[in-house]
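Thanks for coming. Please look at it first.

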Amino acid sequence: MAITETVFALLMYVNSSLDGHMMTDGFSKCLKVKREAERNLSESRENVIRYECKQVKAELKPDDEGRMKIYKIIDEE
């Protein structure tokens, strides 16, 4: 069962295209995860990778363990 909700998400863009997303518990948690992800990027990568924290309207579905995850982003606010 999917629900639609506005949540904070860490968005990952690869070569300017949205390639991944992860729901976070608020803006400050998102910024913390973003800093960690940027520190772990390989210097020798071929693609341009950019992370962004944003509030988005998303369709959420429970994963195998019952935790809600972003299934699809409906609107970036």
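Which residues form a disulfide, and how far apart are their sulfur atoms? They are C30 and C53, with sulfur atoms 2.2 Å apart; a disulfide here is a pair of cysteine sulfur atoms within 2.5 Å. The structure holds one disulfide. It links distant parts of the chain, C30 in helix α1 and C53 in strand β3, 23 residues apart. The angle about the S-S bond is -105°, a left-handed link.

Before going on, a note on method. This is a predicted model: local features need pLDDT of at least 70, side-chain atom pairs count only at pLDDT 80 or more, and totals for chains, interfaces and linings use all residues. Residues are numbered from 1 along each chain as its sequence is written, and side-chain values use heavy atoms, with hydrogens and water left out.

Are the two cysteines buried or exposed? C30 has 0% relative accessibility and therefore counts as buried; C53, at 12%, counts as buried too. Buried means under 20% relative accessible area, exposed over 50%, and partly exposed in between, using a 1.4 Å probe and protein chains only.

Now the sheet. It is open, with four strands in the order β2-β1-β3-β4 and antiparallel pairing. Strands are DSSP runs of E, at least two residues, and helices are runs of H or I, at least four, numbered from the N terminus; two strands pair if DSSP finds at least two bridges between them. β2 (17–24) and β4 (68–76) stand at the edges with a single partner strand each, so one side of each has no neighbour in the sheet. β1 (residues 3–14) and β3 (residues 49–62) pair over 12 bridges.
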